[in-house]
Amino acid sequence: MKIKRLLIVDGYTDEPAGLGVPPYIDVYPREAYGAMKLASKDSKVYYFTIDEVRKKFDVYVRKANEADLVLVIAGALVPGRYLGGEPLRDPEELLMLKKFIDKPLALAGPAASMGLGGIGGSRSVKVNVDYRIRGRLSYWIYQAAKEGIDRAEDVMNYDYSFVSRALTLGAEVILQHPNMKLGNLVVEIETFKGCPRRLSGGCSFCLDVLKGTIKQRSVKDIVNEIEALYLLGARSFRLGRQSDILVYGSKEINSKEWPRPDPEALERLMKGIRSVAPSLMTLHIDNVNPGTVVRWPRESEEALKVIVEYHTPGDVAALGIESVDPKVVKLNNLKVHLDEAVEVIRIINKVGRTRGWNGLPHLLPGLNFIAGLPGESRRTWEFNRELLERIEKEGLLVRRVNVRKLSIVEGTKVSKMIDKVRVAKGYEGFRKFAMEWQKRMLTKVVPKGTVLYNVMVEKVVKGISYARAPGSYPLTIEVPSPFPIGKWLRVKVKKHHARSVVAEAV
Ligand code: SF4
């Protein structure tokens with residue numbers, strides 16, 4: 001059967017490189033939508049978020065029964081709660097989506113390969129669906145629409161120009177996204193896939209190194225996609241789907257474990273985006289590999305300057321530090337030692353700490369730690385604590401610290417090194433210390449009295465409005481009065497918590 005009508009249920013994705021939890025939309029729904037339109041202009045594609053399905057299950061059942069295929073996108077690999085939506089994580093909930101329909105169901109996103117539920121120290125559960133799409137989604141959907149669903153195959157070795165055509169045509173799906181109606185939709189943009197460090201085997205826990213040779217999207221393809229999105233009304237973008245934005249466009253990307261950044265290539269991309277989206281509200285980045293900054297300090301500084309010239313303030317360079325315990329660094333092939341991590345944070349501060357028009361520093365580092373890696377001991381938490389203490393002592397700024405437990409993903413090196421996550425003593429103490437540290441840090445990042453612009457109310461609970469600016473790791477702002485969801489506010493900071501601030505509307 002050739003599919004002519006597709007119903008997409010977005011169960012949200014959160015991967016090391018890529019976010020699709022509202023207000024974000026990731027590449028998967030855009031690819032699926034675009035592939036259907038590439039196959040036939042007359043095809044029909046409906047899009048629901050999982051939160052919409054939960055609210056109006058009867059509408060979902062009716063639409064699903066009108067479609068030829070239900071495509072569920074899922075795989076929030078990062079534990080934690082989200083302000084913008086609740087990901088589909090429970091295998092039972094996925095089965096409910098199938099229970100009342102007589103149409104086939106396909107699963108895409110990380111859950112198709114890894115199952116559901118495997119977060120923070122556990123292994124995931126495989127789920128029973130009609131089709132599991134592990135290859136590039138646009139190829140599978142295109143084949144299902146053109147040749148028939150049973151002839152669709154997983155394509156791993158794809159051509160980025162086809163994917164880009166699908167993404168550009170698929171921009172239209174944003175018109176069905178609830179956050180587009182609100183005005184705070186952030187579109188996650190893919191720039192390349194894979195990690196240069198695959199040449200040394202990469203970090204022990206990481207799946208990105210298994211993606212093979214790196215493919216990069218051309219500036220033209222990325223800019224065309226952003227233009228299509230912008231013309232449809234999207235105003236916030238994040239260059240989030242890549243292992244290290246600093247090395248985008250580097251000619252050494254497949255020949256060196258640590259390619260030299262090419263600031264000119266990055267500038268062509270950033271400039272191109274600005275030229276087709278002149279009134280954008282947000283242009284942010286995600287991952288920066290701290291190992292690149294240490295090995296190429298001059299080129300990295302230039303690349304960071306390019307980002308700061310063309311982006312919007314409030315941006316975060318997420319650094320996968322994971323651990324600075326030398327034993328853990330060595331055993332897991334991590335990226336930087338303690339002194340090097342401090343140097344990376346110095347360089348990012350030098351380029352990015354000035355305050356921008358929306359009240360936030362331009363570009364600050366975010367630090368990610370992982371607990372439970374092989375080699376971890378009580379000493380590990382002393383090394384990591386020393387890193388935070390040195391940052392504070394030097395007066396450097398950090399936007400956020402994230403400490404998560406290792407997830408053992410099948411196929412990674414760590415899955416052969418250990419069978420269970422064991423967190424060493426000292427972890428809870430470090431977490432507590434990091435929370436207090438973050439609270440002190442926030443008082444410097446957004447001191448009392450700072451006015452923040454362009455924050456939108458996303459949730460109201462017991463008379464408190466929770467607002468954020470669209471962007472990378474946005475700060476949660478609690479406003480102690482109820483405002484309508486979707487209201488844009490200007491607020492003045494009054495008080496600090498570890499992960500949020502209290503502010504009044506002004
Ligand atoms: S640097 Fe390590 S964690 Fe980052 S993408 Fe490469 S292998 Fe994965």
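Two strands count as paired when DSSP finds at least two bridges between them, and strands (E, at least two residues) and helices (H or I, at least four) are DSSP runs numbered from the N terminus. The model here is predicted, so to speak: local features need pLDDT of at least 70, side-chain atom pairs count only at pLDDT 80 or more, and totals for chains, interfaces and linings use all residues. Residues are numbered from 1 along each chain as its sequence is written, and side-chain values use heavy atoms, with hydrogens and water left out.

On those terms, strand β14 (residues 315–322) runs parallel to strand β15 (residues 363–371), and seven bridges join them. Within this pair, A318 sits opposite G366 of β15. Both strands belong to an open four-stranded sheet with parallel pairing, in the order β13-β14-β15-β16. Its edges are β13 (287–288) and β16 (400–405), each pairing on one side only.

Two helices lie across this sheet. Helix α14 (residues 338–352) covers β14 and β15, at about 155° to β15, while helix α15 (residues 378–393) lies across β14, β15 and β16, at about 165° to β15. Those angles run from 0 to 180 degrees between N-to-C directions, with axes fitted to C-alpha atoms, for helices over the stretch in contact (heavy atoms within 4.5 Å).

Elsewhere, S465 lies in strand β18 (residues 464–468). S465 is buried, with a relative accessible area of 0% (buried means under 20%, exposed over 50%, partly exposed in between, with a 1.4 Å probe and protein chains only). A polar atom of the S465 side chain lies 2.9 Å from the backbone nitrogen of F483.

Technical notes: A polar contact is a pair of N or O atoms within 3.5 Å; within protein, one must be able to donate a hydrogen and the other to accept it, and residues adjacent in sequence count only if both atoms are side-chain atoms.
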